[in-house]
Amino acid sequence: MKFDWPYFWESLLSPSPQFLNGLALTVIISVVAMALALLLGLVIALMGRSRFLPFQLFASLYIWVIRGTPLLVQLVIIYTGFAAANIFRFEDTDVLGSLIKGAVQAAIIGLMLNESAYISEIVRSGLESVDRGQNEAALSLGMTPMHSMRKIIVPQAIRIMVPPLGNSFNGLMKSTSILSIIGVSEMFQVGSTMSAATFKVFEIYIVVALYYLLLTTVWTFIQTAIENTLNVRAGLPRAEPVFKRLFGIRSRKQATPAPALALQPADAA
Amino acid sequence: MTTQHAASTSASTPPSDPHDNIVQAVDVCKSFGDKRILSDVNLTVARGEVVVMVGPSGAGKTTMLRTINRLESIDSGEIRVNGELIGQRVNKHGKVVERSARDLARQRADIGFVFQHFNLFPHMSVLENISLAAVEVRHQPKSKVNEYARELLARVGLSDKADARTRSLSGGQQQRVAIARALAMRPALMLFDEPTSALDPEMVGEVLTVMKDLAEAGMTMIVVSHEMGFTREVADRVVVMDAGTIIESGAPDQVFSNPRHDRTRQFLSKVL
C-alpha cells in the first residue's frame, strides 16, 4: 500500500470542521462527565464512610456493580436498553440555547456513573491516607468532625488524590472513543465516517490517534502544574517534571518522596 | 479505693471542695474488645495542680489521659471536667447520653492536648498552626490572634520560626510549637501524652523546660511521662498506674523514696 502523505498532513494540520467539532465534543463530554463524576464520587465515598448501614451497603453495592461491568455494556443499557424497555428515553433537549443530543446526555451520564465508582475509591483511600493524629489534633483544639474534615483532612487528602484522579481523567478522555457505539459524533466517530468516505483508513486513524495523544499530553502538563501548585503550597518538593512523566526517564538520585510518606509526622522527627 | 484514700491524706492533697477540682474521674472502666484497659480508675485533679502519671507501658496511662478530653470514650463511670460531664450529658429522663459533636467540641476547646507525635498540620505555617483554632473555633479577630500566637512563640523560644514550615523544624521545635498551639486556646487544663518520647535525647530538655515554665505559671497539667527527673522536680503529685488501675498516688518524694506498693517499687527500680 501507499501511505498518502499529503492527505495525512492535510488532515493533521488543517482538519475539517466536522473533525474539529468531534474533537470539541470529546473534550466537552470528558470535562463535564469528570466534573459530575467528582461530585458523585465524593458522595459515594462519604456514604461508604458513613456510620449509617444502608448508606454503606449502597456504596459497596454501587462500586461492585459499576466496576464489575464494562463501560460499553453500561452505555448501551442506559441509552438503548432503557429506551427499548420504555423505562427512560434520552430526548434531545435545549440547554442554555444549544441543542444537546440525547446520545450526548446518555454518554455524559454513563461516563459519570462509571467514573464515579473509581473516583469514590480514590477519594476514600485519599481520606484514609491522612494520619489519624491530624484529626485528633483538630478535635482536641475544639473543632467539630465536619470542621476538621474541611480544614485539616481534605486539604491534605487532595494532594494525595490528584495524581490518581488525573490518571482517571486521562483514561476517561480515551474512553470517549467508545461513545461512537451509541452514535455520539465525537472525534472517533467523525474519523470512522471520514475513513468510510475516503478509504484512507490508515491515514485517518493515525491522525485520530495523534489527536488523542495531543489531548492526553496537554492534560499531563495541566496535571503536573496542579500537582506542583499543591506541593508548593504544602511546602513539598516539586512533582516529577513532565518529560520524566511522559517518557519514563528516571534518575535514581533524584527520587522525590511519595506524598503519603511525607505526611507521616514521625519522619519529620 | 484505699490507695485513693491514702492519697487524699497526704501533704499535696487536692482540696476536698469539689468545685476546685477541675478533673473528677469516678470508677472509669474501658475495654478494647475483651481486653480490659482501665478498671475503676478514680482520679481527681485540683485547679493549678501538676499531676504526672507514670507506670509500665500498657498500664493504661495514655488511655486514661485521652478519656479526659473524650478522644477515647468510656464504658462506665463518669468523668467531669470543670464540673461538666465530658462528652456526655444527662437527658431529661435522667439517662446519661452522648453530647452533640458541637457541644463536645466546645468542651474540648478548653482542654489543651499535646501528642507524642506532635500532630502539627503540615499544610500550614507555624503561625497558622497556632492561630487556626482561635480564629476558626473561637472566632477571634485574626490580627489579635496572630499577635498572641507570636507572644506564645516567643514564650517557647521560637520567635524566628513563625513563617517556617512545620516539616523544616526539629522534633523538639515541633513539640514546642504543638504546646504553643494548645495554649493559643487559653485552656484551663493541659494534657500531655508522653510529650518527649518521640524525641532525640538532646531535644528532650528544651521541651521539658517549656513545660516547667508552664507549671510555674500556674497551669493545671496532667502529664504522662517517663521523665523521672522532670517528675520529681515539677510534679505536685505522682500517680502510678499498673494494669489499668491507679496503684499509688502521692508527692513525688514520698512515692519515689518510700513507695507503698511492691509493683511501684519494681517499676521504679527499672526507671530510676
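In what order do the elements of chain A run from the N terminus on?

## Chain A from end to end

They go α-α-α-α-β-β-α-α-α-α-α-α-α. That gives chain A eleven helices and two strands, where helices (H or I, at least four residues) and strands (E, at least two) are DSSP runs, numbered from the N terminus. Along its principal axes, the C-alpha trace of chain A spans about 70 × 55 × 35 Å.

A bit of housekeeping: this is a predicted model, so local features need pLDDT of at least 70 and side-chain atom pairs count only at pLDDT 80 or more, while totals for chains, interfaces and linings use all residues. Residues are numbered from 1 along each chain as its sequence is written, chains are lettered from A and ligands numbered from 1 in the order in which they are written, and side-chain values use heavy atoms, with hydrogens and water left out.

## Where A meets B

Chain A puts 27 residues into the contact and chain B puts in 32 residues, contact meaning heavy atoms within 4.5 Å. Between them the two chains bury about 2400 Å², 61% of it on carbon and sulfur atoms; buried area is the accessible area (1.4 Å probe) that two parts lose on being put together, summed over both.

On the polar side, there are seven residue pairs in polar contact between chain A and chain B, both residues at pLDDT 80 or more. A polar contact is a pair of N or O atoms within 3.5 Å; within protein, one must be able to donate a hydrogen and the other to accept it, and residues adjacent in sequence count only if both atoms are side-chain atoms. The two chains also share two salt bridges (a side-chain nitrogen of Lys or Arg within 4 Å of a carboxyl oxygen of Asp or Glu). One of them joins the side chains of Lys151(A) and Glu136(B), at 3.2 Å from N to O.

On the side of chain A that touches chain B, α6 (132-140) and α7 (145-175) each supply at least two residues. The largest share, seven residues, comes from α6(A).

## Stacked tryptophans

Over all chains, a search of the whole structure turns up 14 aromatic pairs. Rings of Phe, Tyr and Trp (its six-membered ring) pair if their centres lie within 6.5 Å; planes under 30 degrees apart count as stacked, over 60 as edge-to-face and the rest as tilted. Trp5(A) and Trp9(A) have ring centres 6.2 Å apart and planes at 25 degrees, so this pair is stacked. Both sit in helix α1 (residues 5-13) of chain A, four residues apart, about one turn of the helix.
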